[in-house]
Amino acid sequence: MNWIDRDKESIWHPFTQLVNGFEHIMVERAEGLYLYTPEGRKIMDAISSWWVNLHGHSHPKIAEAVAEQSKKLEHVIFAGFTHEPAIVLAEKLLSILPSNQSKIFYSDNGSTANEVALKMAFQYWYNKGEKRRTKVVAFEGAYHGDTFGAMSVGDRGPFSAPFSPFLFQVEFLPMPTAENEAEIISSFEKYAHEGELAAFIFEPLVLGSAGMKMYSVELLDKLLKIAKDNSVISIADEVFTGFGRTGKNFASDYLSIAPDIFCLSKGLTGGTMALGVTSCTQKIIEAYKSSDIMKTFFHGHSFTANPIACAASIASFDLLMEKETQQKIEKISQWQKEFKTRIASHPKVLHIRVMGTIFAMEMKTEQTSSYVNEVRHQLYPFFLKRNILLRPLGNTLYILPPYIIEKEEIELVYQAVEEMLQVLDGI
Ligand SMILES: *Cc1c(COP(=O)(O)O)cnc(C)c1O
């Protein structure tokens, strides 16, 4: 049997319909911007492999850090023991997070980072004896991961429908648009004044999985002010927006009020290893400082603060802080803006959004905009045929390259998008 048939026999892939005929593409190795198949095909990764890759694939500095660390200390229980990579990484992250952030809690991925954040917020109120504070506010259309807590605070749509009887109750604010800011603010105020809110969780400025929906700094600042005035814990899910994607280290760097809790993952290790981080303020820490064992945060994973993942993350962090990388982020942001201007008036374009290195284009179709929009099934193969990996969210096509992409390379993506706009029928 060949690899593809063996894959079909033995593997259940994520977010993938189990229907006949669909074949996964075998990748043998990857370097920089490109994925290589055993047949010698070279595919440009223009979506950073699910938004995780920052510095290109198989980066030699990250690879070396991983190799060195795995020879020295591959893993150790993180309760009762600690190690250098975890400490160094925590210090580095705290040095670029807003100054109100005081401690780093490690977990395994973006979903767990959010689970930890929610549990941290719920138990904060439990420890303080405020039993009324049990409600959460989130945005409609949000994505915070696929575990139960993360699903509960996320979009109640097709992805979570089979599980809806099992999700906890959440108060949802409408997904922000240019028109509904006043409505969002007044309904958040209403919830906040009731005094039962434990937390407000949000993707700052960009709702990624919802289709790279962007909203204003002013709106989020106003919501954070309401949260602060009413002692509601604010949780910034920067799993996607962190590490330069929006043009700054964190989307929250655009805000004038710093959130209480941050969730990080995806770009955290430069896309090399699974790792999650939840950081919090000293105020939250204080509620857990007690000799009462019931006030302990009983949460941990077998691989919490895995030293190899921390080492990969330190190497990625250092690459991100290099002047060259920071300048490149600015350049990519500029190219994306210029491309927006170039195609904005095309009749098949409904809406284009750019924030930092993120470019997203909503296409005009017969169907309404959504993840299940059929145009996706035309777009994905169109670009793959041209050896470019773009994976639309329904009728929203986005370009999210690693920061090593060169002008000529991103130009190839732009030209393919223009060609698609010209030739694709029925959309
Ligand atoms: C991807 C994502 C998550 C979930 O992260 P996983 O590592 O896939 O569990 C959570 N929040 C946001 C904003 C994301 O984009």
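**Entry 1: Lys 348.** I began with Lys 348, which counts as buried because its relative accessibility is 18%. Buried means under 20% relative accessible area, exposed means over 50%, and partly exposed lies in between (1.4 Å probe, protein chains only). Lys 348 sits in the loop between α11 (323–343) and β13 (349–355). Helices (H or I, at least four residues) and strands (E, at least two) are DSSP runs, numbered from the N terminus. A polar atom of the Lys 348 side chain is 3.1 Å from the backbone oxygen of Leu 421. I call that a polar contact: a pair of N or O atoms within 3.5 Å, where, within protein, one must be able to donate a hydrogen and the other to accept it, and residues adjacent in sequence count only if both atoms are side-chain atoms.

**A note to myself.** This is a predicted model, so I kept in mind that local features need pLDDT of at least 70 and side-chain atom pairs count only at pLDDT 80 or more, while totals for chains, interfaces and linings use all residues. Residues are numbered from 1 along each chain as its sequence is written, and side-chain values use heavy atoms, with hydrogens and water left out.

**Entry 2: the ligand.** Which residues come nearest to the ligand? Of the 13 around it, I noted Gly 110, Ser 111, His 144, Asp 237 and Lys 266. Near here means that a heavy atom of the residue lies within 4 Å. Helix α5 (residues 110–127) gives the largest share of this shell, three residues. Sorted by class, the shell holds four nonpolar, six polar and three charged residues. In this sorting Ala, Val, Leu, Ile, Met, Phe, Trp, Tyr, Cys and Pro are nonpolar, Asp, Glu, Lys and Arg are charged, and the others, Gly among them, are polar.

A ligand nitrogen is 3.4 Å from a polar backbone atom of Tyr 143. Taken alone the ligand exposes 380 Å², and the protein buries 84% of that (areas by the Shrake-Rupley method with a 1.4 Å probe).

Entry 3: I found Lys 266 in the loop between β11 (261–264) and β12 (276–281). Lys 266 counts as partly exposed because its relative accessibility is 23%.

**Entry 4: the UniProt binding site.** The unreviewed entry places "binding site" at Trp 50, Tyr 143, Lys 266, Gly 300 and Arg 391. They span 342 residues in sequence and the farthest two C-alpha atoms are 33.3 Å apart, so they do not all gather at one spot. I found Trp 50 in helix α2 (residues 48–51), partly exposed at 39% relative accessibility.

Entry 5: Most residues other than glycine have a negative phi. Ser 48 is in helix α2 and buried at 0% relative accessibility. Ser 58 lies in the loop between α2 and α3 (60–72) and is exposed, at 51%.

Key: UniProt positions are given in the numbering used here, feature names are shortened, and annotations may be inferred rather than shown by experiment.
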